[in-house]
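Thanks for taking a look at this one with me.

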Amino acid sequence: MRCGENCAGALVALVLALTWSDPAAALRINAARSLSLRGTWLQKVAAGVALASAVTLAPAPGLAVVNPMQDVGVGEFLVKDGGQHLRLTLPSPPTVDASAGSFGGDAWLSQQVDALSDPLRKAQINLELVKLRLEQVGARGPVWAQCSREADQAEKNLDAATGSLVLPADTKTAIVGEIRTLKQLIREENLSAVNAQQVKAAEALAEARQSLLPPKFLPFDPKPPEEFKNLPVLKV
């Protein structure tokens with residue numbers, strides 16, 4: 001009996017400590033005291049557990065303003081892969097010649113192709129959605145048909161590129177070849193092969209898009225300085 005009373009007392013003490021900074025807990029504390037002074041040790045244990053649960057489920061007001069970090073995605077799909085983030089956030093090229101002026105500040109924004117109408121960026125999204133659908137919906141019946149449509153649309157968006165978005169003929173041919181290989185593997189519903197080929201096709205397109213950007217358009221130089229050229233380079 002003494003052990004039970006000690007346990008009940010310890011639970012009540014824990015509740016008092018946890019609710020000390022919560023003014024609204026005064027009523028709960030008084031209830032705990034009244035229960036701890038009468039009844040059997042089972043009632044005391046039950047009261048302590050109930051009050052501890054109430055405190056756990058109702059965090060202190062100071063913690064209520066902390067929100068979990070939001071994920072970034074494409075449509076309803078969450079992008080969790082670092083490589084996909086880099087490819088999807090690659091900017092569109094400028095609409096003017098690189099020698100026309102600076103690409104910083106407002107000038108950079110005004111000279112940039114509208115990302116929403118950039119067919120190469122749309123093609124990139126199509127290719128990334130192949131992986132996202134299989135990853136987050138599952139490799140089953142209707143999903144394979146949706147992935148096939150995404151690959152078809154990616155190829156159509158490549159053909160829609162005009163002006164500063166036109167890729168060199170050999171580069172475009174190579175990317176189309178990667179996409180068609182991807183489409184064949186999708187038809188075969190070969191999940192592991194599709195995942196590997198999706199990365200190849202998506203990276204090939206991203207590298208081609210980056211090649212359209214003029215020097216120093218990005219805030220970083222993709223090539224390491226000459227003195228570090230023989231050292232390992234991290235590439236996502």
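Predicted model: local features only at pLDDT ≥ 70, side-chain atom pairs only at ≥ 80, totals over all residues.

In which hand does α6 pass α9?

1. Residues are numbered from 1 along each chain as its sequence is written, and side-chain values use heavy atoms, with hydrogens and water left out.

2. The protein chain holds nine helices and two strands; helices (H or I, at least four residues) and strands (E, at least two) are DSSP runs, numbered from the N terminus. Along the sequence the pattern reads α-α-α-β-β-α-α-α-α-α-α. Of its 236 residues, 33% count as buried, where buried means under 20% relative accessible area with a 1.4 Å probe, protein chains only.

3. Now to the opening question: α6 passes α9 in a left-handed crossing. A crossing gets that name if the near helix is turned anticlockwise from the far one by less than a right angle. The axes of α6 and α9 come within 10 Å and cross at roughly 160°; axes are lines fitted to C-alpha atoms, for helices over the stretch in contact, and angles run from 0 to 180 degrees between N-to-C directions. The two helices α6 and α9 are therefore roughly antiparallel to each other, a label for angles over 145 degrees. Among the residues that meet here are L120, L127 and L134 in α6 and L191, Q198 and L205 in α9.

4. Next, please look at α7, which has 19 residues and reaches 29 Å from its first C-alpha to its last, close to the 27 Å expected at 1.5 Å a residue; the expected span is 1.5 Å times one less than the number of residues. Its buried residues, including V143, C147 and A154, pack against α6 (119-136), α8 (169-188) and α9 (191-211).

5. The partners α7 and α8 pack at an angle of about 165°, with their axes 9 Å apart. On the α7 side the contact (heavy atoms within 4.5 Å) involves W144, A151 and L158, among others, and on the α8 side K172, I175 and I179 are included. The crossing of α7 and α8 is left-handed.

6. N157 is buried, with a relative accessible area of 9%. Leaving aside neighbours within four places in sequence, N157 is in contact with P119, K122, A123 and N126.

Key
Buried < 20%, exposed > 50% of the residue type's maximum accessible area, 1.4 Å probe, protein only. Parallel < 35°, antiparallel > 145°, perpendicular 65-115°, else oblique.
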